[in-house]
Amino acid sequence: MTQREVTDQDNLTWTCVQAYAGLEGKAAQKAAELSETEEGNVTVVCTPSGQAQTVRLQLPSNWLDSVSDDELLQQIGQNR
């Protein structure tokens, strides 16, 4: 399962992972297909290191490579 960590201005470290990324094999492929929107977005769940709540984001399916840390933090901030 590939994940990304980013730290915001409040010194919270957010661990972000695509929903269903922990699945393997055919189940993972099917879950990925079902979870991708018509616009090509997927649900990414970001969990903070502190007391804040988990945030769900809709990001491009290639978010690991195409979304910068600053953009990811901006999305988290907007959805808190």
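Modeller: Welcome! A residue is buried under 20% relative accessible area, exposed over 50% and partly exposed in between, with a 1.4 Å probe and protein chains only. This is a predicted model, where local features need pLDDT of at least 70, side-chain atom pairs count only at pLDDT 80 or more, and totals for chains, interfaces and linings use all residues. Residues are numbered from 1 along each chain as its sequence is written, and side-chain values use heavy atoms, leaving out hydrogens and water.

Biologist: Is Cys46 buried or exposed?

Modeller: The relative accessible area of Cys46 is 0%. Buried means under 20%. Cys46 therefore counts as buried.

Biologist: Which residue forms a disulfide with Cys46?

Modeller: A disulfide is a pair of cysteine sulfur atoms within 2.5 Å. The structure holds one disulfide, and its sulfur atoms lie 2.2 Å apart. The partner of Cys46 is Cys16.

Biologist: In which strands do Cys16 and Cys46 sit?

Modeller: Strands here are DSSP runs (E, at least two residues) and helices are H or I runs of at least four, numbered from the N terminus. The pair links distant parts of the chain, 30 residues apart. Cys16 is in strand β2 and Cys46 in strand β3.

Biologist: What is the order of the four strands in the open sheet?

Modeller: Two strands pair if DSSP finds at least two bridges between them. Pairing in this sheet is antiparallel, and the edge strands, β1 (3–7) and β4 (55–60), each pair on one side only. The order is β1-β2-β3-β4.

Biologist: Which residue in β4 stands opposite Cys46?

Modeller: Strand β3 (residues 41–48) and β4 pair in the antiparallel sense over six bridges. Opposite Cys46 stands Val55.
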